[in-house]
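Colleague: Before I rely on any of the labels attached to this model, I would like to go through them with you and hear what each one rests on.

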Amino acid sequence: MRFTSLAPLLLCLAIAPLARAADAPAIDNAPGPLLRDGSLPLIPAPAHLERLDGAPFKVEASTPVWARGDAATRVARQFSTLLRDSGGPTLPVKNGNGKNGVNFVLDTALKSGAEGYQLRSNGDGVTVAAATEAGLFYGAATLSQLFTSNTDGALPALRIDDAPRFSWRGLMLDSARHFQSLDEIKQVLDAMAAHKLNTFHWHLTDDQGWRMEIKRYPKLTEVGSCRIPAGDGGRDPATGAPRPYCGFYTQQQIREVIAYAAALHIQVIPEIDVPGHATAAIAAYPELGVLDTPLQPLSEWGVFPNLFNTEESTFTFLENVLEEVIALFPSTYVHVGGDEAVKDQWIASARVQQRMRELGASDEMQMQSHLIKRLETFLEQHDRRLIGWDEILEGGLPPQATVMSWRGTEGGLKAASEGHDVVMSPVTDMYMDYLQTSSPNEPPGRPLLTTLARTYAFEPVPATLAADKQHHILGLQANMFTEHTRSYARLQHNLFPRLAAVAETGWSPVQQRDFRDFLARLPTQLQRYRAWGLAYAQTPFEVAVEHQDDRRAGNVQISLANPLGYEVRYRTDGQPVTAASPLYEAPLQAQLPVTVHAAAFFNGQPLAAAPSVAAFTAQSLLTRRDDELLTCPGPGQLLLRLEDDGPADGARAVFNVNIFNPCWRWADAGLTGIRTLKVRAGRIPYYFQLAHDEPQRKFEAARRPHGEMKVRRGDCTGPALAEVPLPASTGADGFVTLEAALPKQVTGKGDLCISFTGDTRPAMWVLEEVTLAR
């Protein structure tokens, strides 16, 4: 198993209106490696763990690992590597069975199931036994955790009988929007295996890129694998020439990934999306589309109208593609997408309507169903099974098709009730591109909060599903779409530690799942992440800072909290925060200026790489960044955390933007004595297509050629206090400082709203900072 070293995420925390998540319990810092119930810090929690009387077994660098036969020896070597990479010693692997060591035993007569194992430990050594190589591998993963659980290598006498709850424990990775290298994918697979996840769903095609080599159709990658990013990111900074974003996997590279995953007992499920998310394919072969308008792979995000057409030749194209997919991927399942296929082009096309009549499809959903059934029949003929997103239920579904329920659990409930197999992956709980916390250090993404607590609490089997249909729930899957995940560091941030919660839900019995206990086990898992070089998210382990101020009195009340409920310690004297620093128990009252350093701890160890720092001065209380501001009330809410389009390389600024209503709100702003409002604002590309959601975008009409910035109070809808014309262009850095004079009669406290008028596409205004001036 490979865990390559990576530079840690660069983090800096300033003042932000945050609090501990309401669903996160406060964590008792229990001493020692054993938790309050006597369990050990294992993730996922085993089905059955029993402490036994007897001496512990101490592992040392000379401790032998015994195995007989090829399969057991492979697992023994994987165990030795994983233990080393997790911070333990490198143990020698030897042929045979022996005492005073670790034994891996493959016994097909054991009743441990397809992925289960038994683990026994006493003073003479440890034995891991299973009926299958996969089960033995998962026992090895558990044993590696036991030897790296802050026990100095001493394993107490115990017995574990363990097997997974679900057979499908998955992660979907989108390589179409942003491309990952083979080494990056392999590290993700390593981490999946260490968490006992067994399904890698690989999203290889979309509007923004076709990432899989198809030898019969070379233009799919020659044309379809490159796009020009929006704005400065798509231009060479030296010449101004277009700079394409490209990447695809050759068939040999795909075979390499499949073989690597197989060695880790992970099946790889390919996804070729139809009939929507097809722009890159149509750009390569225009005859596949409905319109005559030439297309190119898109540099925008959202939902697009471009569909494959319904001609027989297009169906043949898709079958030819699937033929090469089947030849590469040994998995039983092939994913055909089926989601977000906006039918506007089919509705408007006389040819598609004629084709529907020829095929007996009464409407466009039945036309899509006809295509899905056609592909399902083709896959069945090649000993494969079709799986698709829950939209494939609409218009009728082939009996052998499997449904991946993403728009909630309702589609999965319906499909399972009708006798279809189901994988639960609802957007509300299982989408890893949603933000984990309200921290200003979260990377770009969709700011619906999918906290660790929410992910952990997800239950894949609906309570209303009949008992005789519950076996149709194959399991669950986390989905990692990458519109906003430009770097591998961000990918790791989004996946970890939430993927640990997904793993426990997929593996552990319901009665073994307890979030408080999970949080007590998590810090030990973070140590393993660090040993692997895994750049997991720091934001859940930071300290969030809220404040209330009285500028006239020169004081501030400061509240501190960790999003997961871990204890918080702080200093206000500039000294380092340690486990001996004051424990935060109540809001702090301080005179200005004051700087607070704070950190979350468990068992005396800090959880984040660096303490949180918040500095309060008389001047700082007059300024708010965009991530400290709120959206304006009323209709039209689609908040996104967006990245600037430049510079072409390196770090970029990140902004919170409501793209449906460009309006920001400073809650309870004190305006007594304030005469000027200074706003640093900029323009970035508007790179979204929203299909039928487009009418929800609301713009206040502009009265000047380039629009206005308006300042209001209250509910953000009344008369403007001030109005500033917007310039035709910004400065060289893409920003401009706008100053609005406030009327003298404006005093007291109240919400302050800043908005921009006009539909400014193909660009949009973003707000970086607001400052009050006397």
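Modeller: Let me begin with cysteine 632 and cysteine 663, which are joined by a disulfide with an S to S distance of 2.0 Å. Please keep in mind throughout that this is a predicted model.

Colleague: What makes the link of cysteine 632 and cysteine 663 a disulfide?

Modeller: The sulfur atoms of cysteine 632 and cysteine 663 are 2.0 Å apart, and the cut-off for a disulfide is a pair of cysteine sulfur atoms within 2.5 Å, so the pair qualifies.

Colleague: Is that disulfide of cysteine 632 and cysteine 663 left-handed or right-handed, and how do you know?

Modeller: The torsion about its S-S bond is about -70°, and therefore the disulfide of cysteine 632 and cysteine 663 is left-handed. The pair links distant parts of the chain, with cysteine 632 in the loop between β31 (630–631) and β32 (639–643) and cysteine 663 in strand β34 (residues 663–670), 31 residues apart. Both cysteine 632 and cysteine 663 are buried.

Colleague: How many disulfides are there in the whole structure, and what pattern do they follow?

Modeller: A search of the whole structure finds 3 disulfides, and, with bonded cysteines counted along the chain, their pattern is 1-2, 3-4, 5-6.

Colleague: What can you say of the link between cysteine 716 and cysteine 753?

Modeller: The sulfur atoms of cysteine 716 and cysteine 753 are 2.0 Å apart and form a disulfide, which is left-handed because the torsion about the S-S bond is about -65°. Cysteine 716 lies in the loop between β37 (708–713) and β38 (722–725), and cysteine 753 lies in strand β40 (residues 749–756), so the pair ties together parts that are 37 residues apart in sequence. Cysteine 716 and cysteine 753 are both buried.

Colleague: Which handedness does the disulfide of cysteine 226 and cysteine 246 have?

Modeller: Cysteine 226 is joined to cysteine 246 with an S to S distance of 2.0 Å, and with 120° about the S-S bond this link is right-handed. Cysteine 226 lies in strand β14 (residues 226–227) and cysteine 246 in strand β15 (residues 245–246), so the two tie together parts that are 20 residues apart in sequence.

Colleague: Why is cysteine 226 called partly exposed?

Modeller: Buried means under 20% relative accessible area and exposed means over 50%; cysteine 226 has 25%, and so counts as partly exposed. Cysteine 246, with a relative accessible area of 37%, is partly exposed as well.

Colleague: What makes you speak of a barrel, and in what order do its strands come?

Modeller: The 8 strands close into a barrel in the order β10-β11-β16-β18-β19-β20-β21-β22, with parallel pairing. Neighbouring strands of this sheet are turned by 30° against each other on average, direction ignored.

Colleague: How do you know that strand β19 and strand β20 pair?

Modeller: Pairing requires at least two bridges, and strand β19 (residues 385–389) and strand β20 (residues 402–405) have 3 bridges in the parallel sense, so they count as paired. Isoleucine 387 has threonine 402 in β20 as its bridge partner.

Colleague: Which strands does helix α7 lie across?

Modeller: Helix α7 (residues 312–328) lies across β16 (267–274) and β18 (333–337), and runs at about 170° to β16.

Colleague: Which residues touch the most other members of the largest nonpolar core?

Modeller: In that core of 160 residues, they are Phe104, Leu143 and Leu560. Apart from this core lies another, of 27 residues, including Leu622 and Trp765.

Technical notes:
Residues numbered from 1 in each chain as written. Predicted model: local features only at pLDDT ≥ 70, side-chain atom pairs only at ≥ 80, totals over all residues. Heavy atoms only, no water. Core = buried A, V, L, I, M, F, W, Y, C linked by side-chain atoms within 4.5 Å. Buried < 20%, exposed > 50% of the residue type's maximum accessible area, 1.4 Å probe, protein only. Helix = DSSP H or I, 4+ residues; strand = E, 2+ residues; numbered from the N terminus. Axes fitted to C-alpha atoms, helices over the stretch in contact; angles between N-to-C directions. Contact = heavy atoms within 4.5 Å.
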